[in-house]
Amino acid sequence: MIDLRLLRQDPDGARVRLARRRDPAVDAMLDAILALDVQRRRILSRVESLKAERNKATEEVARRKRARESADDLMADLKASGDEVRALDAELREVETALEGQALGVPNLPAAECPDGDASANAVMRTWGTAPRFAFEPRPHWELGERLGILDLPRGAKLSGSGFPVFVGLGARLVRALENFMLDLHTREHAYVEVAVPLLLNRDSLVGTGQLPKFEEELYGVERDGLYLLPTAEVPVTNLHRDEILDGASLPRGYVASTPCFRREAGAHGKDTRGLIRVHQFDKVELVRLVRPEDSAAEHERITAHAEAVLQRLGLPYRVLSLAAGDIGFASARTYDLEVWAPGVNGWLEVSSASTFTDFQARRANIRYRPEPGAKPEFVHTLNASGLAFPRTIIALLENGQQSDGSVQIPEALAPYLGTDRLVPRA
RNA sequence: GGCGUGGUGGCCGAGUGGUUUAAGGCAGCGGUCUUGAAAACCGCCGAACCGGAAACGGUUCCGUGAGUUCGAAUCUCACCCACGCCGCCA
């Protein structure tokens with residue numbers, strides 16, 4: 001959430017910074033917030049001075065009662081002012097509800113380092129590995145998956161609809177292998193604490209990380225119980241410490257979780273959605289870090305390196321993009337996308353998005369820390385990165401590893417987890 | 001799902017309508033003592049918001065929301081959560 005005090009102090013500065021997002025709705029929201037903020041403080045000062053008077057008079061009533069004197073005159077006055085206080089309190093609540101509603105819709109301030117412009121201005125920071133050269137036309141993963149007998153999209157569609165893939169045999173084992181491989185890497189070598197978390201989450205959790213109230217249509221909900229299926233483990237893991245004050249000495253904290261993710265992908269059908277490219281349910285290993293504000297830029301580089309390590313171990317060629325201010329997500333201040341090379345579909349696919357949220361999520365989720373024992377609590381900075389999302393990793397493994405005989409070579413680092421170093425087509 | 005018990009500060013825990021300005025303890029911070037540390041003793045020690053340059057002043061917060069009252073941690077109602085027993089169930 002935007003810092004209201006900062007906005008009040010320097011509204012034009014906030015406007016200029018937010019303008020880089022190229023969201024035409026933002027200016028009107030800021031106008032509404034500033035007006036509501038003035039209104040709020042006007043009502044607040046009135047109701048607070050009324051309450052101060054009332055508290056004094058109430059004490060006097062108590063004093064007289066103890067002295068067995070009459071307080072009837074005072075009590076009659078207080079009855080009238082009580083009604084006024086109630087009316088003002090109601091008015092205040094209304095203004096505050098409106099104010100919060102607006103404030104929750106304002107995106108995070110982009111970091112100065114973000115390139116200017118929309119998605120076309122995303123900057124390639126570096127490229128790792130080399131794309132394999134084929135003496136034949138490389139096949140897309142949906143063909144490979146079918147021929148290898150590890151992917152069954154039609155049956156997934158039968159069970160749930162398109163975008164719900166079924167993995168069979170070594171395909172299912174590949175999912176399990178990726179999970180164990182990534183979790184082992186991050187816990188053993190990058191010192192993350194593994195957590196297994198709920199997949200159904202309440203509203204507060206989704207507001208905390210910024211999915212709600214704005215992106216309700218992207219979420220699957222269980223309306224009867226007021227719960228939502230997680231779109232990413234970022235939500236439960238970051239919210240682990242919602243409404244807490246952490247010991248400064250315990251920072252930075254790193255958590256890793258492997259979970260399914262559910263996304264409605266409303267309106268995304270038709271383009272770039274074939275096979276496993278864009279699905280409604282997928283598994284992902286997610287990294288989350290809670291850090292001191294002064295460390296967040298360095299921590300952003302670190303968490304990105306942790307995600308990159310997965311691709312490097314798998315020997316998959318990838319590139320790192322710095323997203324432009326007009327392309328970063330709602331809650332993000334700065335994002336690096338990791339895109340893996342997929343020769344079968346002849347394109348770069350996003351397998352990880354590493355973001356720093358500054359204090360935006362911490363403010364919404366009320367996650368604070370004490371810099372020193374006895375010091376005032378401050379908001380932490382939160383970061384996350386996929387490490388990695390499975391379907392596109394599987395796409396890259398199949399399409400980069402494919403051989404002329406239709407088999408697929410599995411990277412050395414993954415083979416022990418899969419129990420074989422080669423996937424072979426069905427007879 | 002039914003019945004019962006409970007929810008108080010970073011943690012534990014007292015408090016059944018008005019000096020609660022939430023007792024007491026633990027943890028934390030500062031000090032005395034000590035070569036240093038521990039122990040002991042003394043003092044300080046919640047959060048948010050509003051006004052103010054600051055000093056400071058004010059308001060709110062005892063699971064959440066509504067209500068009764070001049071006044072609510074305390075009384076009433078609804079909801080949420082935890083625990084126990086019963087029922088159902090992997």
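**Helix packing and a pocket**

User: Which residues in H2 meet H3, and which do they meet there?
Analyst: Pro 11, Arg 15 and Leu 18 in H2 meet Val 26, Asp 27, Leu 30, Asp 31 and Leu 34 in H3 (heavy atoms within 4.5 Å; helices are DSSP H or I runs of at least four residues, numbered from the N terminus). It's a predicted model, with pLDDT of at least 70 needed for local features and 80 or more for side-chain atom pairs, while totals for chains, interfaces and linings use all residues. Residues count from 1 along each chain as written, chains are lettered from A and ligands numbered from 1 in written order, and side-chain values use heavy atoms, without hydrogens and water.

User: At what angle do H2 and H3 pack?
Analyst: About 160°, for H2 (residues 11-19) against H3 (residues 26-66), with axes 10 Å apart. So H2 is roughly antiparallel to H3 (over 145 degrees, between N-to-C directions of lines fitted to C-alpha atoms over the stretch in contact).

User: New topic: what's the volume of the second largest pocket?
Analyst: About 470 Å³ (an open set of 1 Å grid points for a 1.4 Å probe, protein on both sides within 12 Å along at least five of seven lines; lining atoms within 4 Å of a point; volume is the space filled by the probe spheres).

User: Which residues are closest to its centre?
Analyst: Of the 16 lining residues, Met 1, Ile 2, Asp 3, Leu 4 and Arg 363.

User: And which helix gives the most to that lining?
Analyst: H4, with four residues. H1 (4-9), H4 (72-103) and H11 (360-365) each supply at least two.

How values were computed: Axes fitted to C-alpha atoms, helices over the stretch in contact; angles between N-to-C directions. Parallel < 35°, antiparallel > 145°, perpendicular 65-115°, else oblique.
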